[in-house]
Amino acid sequence: MAGEETRTVDTRTSMPSTERGASTVARTDETPRTRAWATRLVVVGIVLAALNLRPAITSFGALLEEVRDGLGMSGSVAGLLTSVPPLCFAVFGVTAPRLARRFGPAAVVCAGMVAIAAGLLIRPYAGGTAGFLAASALALMGIAVSNVLMPVIVKRWFPDRVGSMTGLYSMALALGTSAAAALTVPVTHVLGGGWRPGLAVWAGLAAAAVLPWLPLVRGRAAAPEPAPAPAPGRGSPAGERQQAPLRITRSRTAWALAVFFGLQATAAYITMGWMAQIFRDAGVPAGTAGILLAVTMVMGVPLAFVIPRVATRLPHQGPIVLVLGACGLAGYAGLYFAPAGGAWAWAVLLGISNCAFPLALTMVGMRARTGPGVGQLSAFAQSTGYLISIPGPLLVGVLYQHSGGWGLPIALMAALMLPQMVVGFLAGRDRVVEDEAAAAR
């Protein structure tokens, strides 16, 4: 995309003045219409892409016991599978900025939706555990690059509406997450009771998400120019240096945001992978356990729209971090002492706590001044964060298998919430990574 913008400027500079004037007139007539339909397509594409960024995980969580029995998995192997999503997000997410520079963000997201659809269709029928894992990795690869590029696309196309568009994206993501959790078990029964078609059916939603991105790729619709940085001037050497790749690891805010992202991801993937099983082991029927997981996920639908809008109006997002963390601690206490008796309350509290994810995405957009800065910060925070989150779901599976209960795993979840609150508070300070990286030179 950057290359295309440079070529446009060079061409206009080399034109005779009369040709530049004619070109300007033509572009004045044509650009608003082109940009209007492209913007609408981007909004539809963002929503459909977001709907597909979690069903691969929550549909598996809803049928975890059936998949374990069907493939002969132990508790430790099932725990390993619940750790695969953050591993894939870390490994493949870091490649997203480079792919976007070469092919354009729209093309990469479009390819990501194709990979999700193919992986979800193949994995139930791929054979044993290894085939299931390989097909899951294909779908998760598509999710990983889309995860990283969504904040970039929002910042690029909607620089004045980062909060509202991040809220819309997060709301759609929460809706897709909760829909897969709530509907996978009923759909499985409708399709004959086998877990394989119950998982494969979600490939259709991913296939639909490919469609709005195709015209953007084929038409090479250009995003609007980002607003210039407040200082220094665009034409100055210092302004050019701002566009150079940041030494992001020199920013304390970037590290705080990455650790916050990792710890909230740990909590989210433990919840998505294991919460339904916690309720089932407490005597809750499988269908109800799936609905409880859906309640946890659906809390993100309204809150994921509200929290980013509130966060962008505050100079410090730390207080929101603390409120969400307190809800998480209360939910874990409930799961420990009365998992079945107060199941609905614990599902709601943990759903509120899980809204640390849209808050983290919002802070990614707020903690960098430029579009390229957002891209680097998003890739760093998400890739590093997902690496941090890998051991969590695996440890829960191991503790569950060897202790024979959920006491130790729940204690681990509660313990991890405390550092999440600390680093989230630090990441919420009103700073930008460009300034910190420059000051550390």
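What is the volume of the largest cavity? About 240 Å³. This is a predicted model, where local features need pLDDT of at least 70, side-chain atom pairs count only at pLDDT 80 or more, and totals for chains, interfaces and linings use all residues. Residues are numbered from 1 along each chain as its sequence is written, and side-chain values use heavy atoms, leaving out hydrogens and water.

**View 1. Cavities in the whole structure.** Searching the whole structure turns up 5 cavities of 30 Å³ or more. A cavity here is a set of points, on a 1 Å grid over the protein atoms alone, where a 1.4 Å probe fits but cannot get out. Its volume is the space filled by probe spheres set on the points, which are joined across faces, edges and corners.

**View 2. The centre of the largest cavity.** Look for L173, T177, M297, N354 and F357, the closest to the centre among 20 lining residues (those with an atom within 4 Å of a point). By class, 12 are nonpolar, 7 polar and 1 charged.

**View 3. Helices around the largest cavity.** At least two lining residues each come from α9 (162-190), α14 (252-281), α15 (286-298), α16 (300-311) and α19 (356-366). The largest share, 5 residues, belongs to α14. Helices are DSSP runs (H or I, at least four residues), numbered from the N terminus.

**View 4. The second largest cavity.** This one holds about 140 Å³ of space. Of its 15 lining residues, A56, F60, L81, P85 and R123 lie nearest the centre. Two or more lining residues each come from α3 (55-62), α5 (75-93), α8 (129-157) and α14.

Terms used:
On a 1 Å grid over the protein atoms alone, a cavity is a set of points where a 1.4 Å probe fits but cannot get out, and a pocket is an open set with protein on both sides within 12 Å along at least five of seven lines; lining residues have an atom within 4 Å of a point. Ala, Val, Leu, Ile, Met, Phe, Trp, Tyr, Cys and Pro count as nonpolar, Asp, Glu, Lys and Arg as charged, and the others, Gly among them, as polar.
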